[in-house]
Amino acid sequence: MRMPLRRVPLLILLWIQWVSPVGSERQFEIGSVLAASGLLDDVGLDAVFVGAGHDNDEDNRHDSEIGSMSSLISIFGTGLTTHAFEANSEACDRENEAIAARPVEQRISTERCHPYAVADVQADNVPFYVTGSPLCNSLYPPNVPVMERFGFITDTFPCGVLERVVHMSTTTLDHLLSPHSISYARLDVQGADLRVLKGGRKALGSVLALQIEVEFVPLYVGQPLFAEVDEYVRNELGLTFMGFTDESYQHRSRERSPMHGLKRQLVHA
């Protein structure tokens, strides 16, 4: 019988971007100790990835960091159930192909990518903004002046170049998953993280840890920034923000500003 892991709110960590504050090597050590002791044998953990298509991009893979499938296995063992949600169905197909090709020893109990656009409501005809870089596609339009200021629009990285707007249906984590079913969640949805959290209030009711990419300047028009995300996570989910890691900091200089050359600004993490 799989037993749920007891939730201890005062010890919960909010991980920003990919790396755990205690470092991946320490995470692996903790995971090995827990696995060797048998403490994970009857523990059922459900992990959710929203924005899963990024995982299959070789230029953006983080195999050694918390959040990648290999590190989750190292920490929690292979008794995981994972649900990945990606708006881009082609990216989801590639993810499922990668899952099928993974060596047996790296597979977990249940693992699948589902082609759904996850947000705060179930709705049709929702605008989705496709940019020159798939990594920057979002439910929010790119904030071109801000992206230009921080060098997000270049010939090799056209993050802020809006190519087209498509309309799609969105759903929520609460519609897709049972209440209190998520143990761990990683969100990387380009400014729409708060919308995903609000649409998953019940499913995230007993979540143990969140790993979220957040922004400190509005790279997308109308997006919530870190302060709003942190307030919601603390007040609604009862989790405690722990901090950032050096590896996840994304400081950028103001490429087009009189302040260019001064101290670099924290843009996202």
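**A tour of sheets, loops and cores**

Start with the open sheet of 3 strands, whose order is 6-8-7 with mixed pairing. Strands are DSSP runs of E of at least two residues, helices are runs of H or I of at least four residues, and both are numbered from the N terminus. Two strands pair if DSSP finds at least two bridges between them. Select strand 6 (117-118) and strand 7 (123-131): each stands at an edge with a single partner strand, so one side of each has no neighbour in the sheet.

This is a predicted model, in which local features need pLDDT of at least 70 and side-chain atom pairs count only at pLDDT 80 or more, while totals for chains, interfaces and linings use all residues. Residues are numbered from 1 along each chain as its sequence is written, and side-chain values use heavy atoms, with hydrogens and water left out.

Ala117 stands opposite Thr170 in strand 8.

Now select strand 9 (residues 184-187) and strand 10, which run parallel and are joined by 4 bridges. Tyr184 stands opposite Ala209 in strand 10. From strand 9 the chain passes through helix 6 (residues 193-198) to strand 10, a right-handed β-α-β crossover. Right-handed means that, with the strands pointing away from the viewer, the path from the first strand over the helix to the second runs clockwise.

In strand 10 (residues 209-212), Ala209 and Gln211 point one way and Leu210 and Ile212 the other, and all are buried. Buried means under 20% relative accessible area, exposed over 50%, and partly exposed in between (1.4 Å probe, protein chains only).

Two loops come next. Most residues other than glycine have a negative phi. Select His180, in the loop between helix 5 (173-176) and strand 9; its phi is positive, near 60°. Gln190, in the loop between strand 9 and helix 6, has a positive phi of about 50°. Which is buried, and which is exposed? His180 is exposed, at 51% relative accessible area, whereas Gln190 is buried, at 9%.

Of its 44 residues, Val50, Leu173, Ile182, Leu197 and Leu210 touch the most other members. The largest share, 5 residues, comes from helix 7. A second, separate core of 7 residues includes Ala47, Phe49, Cys113 and Ala209.

Definitions and conventions:
Core = buried A, V, L, I, M, F, W, Y, C linked by side-chain atoms within 4.5 Å.
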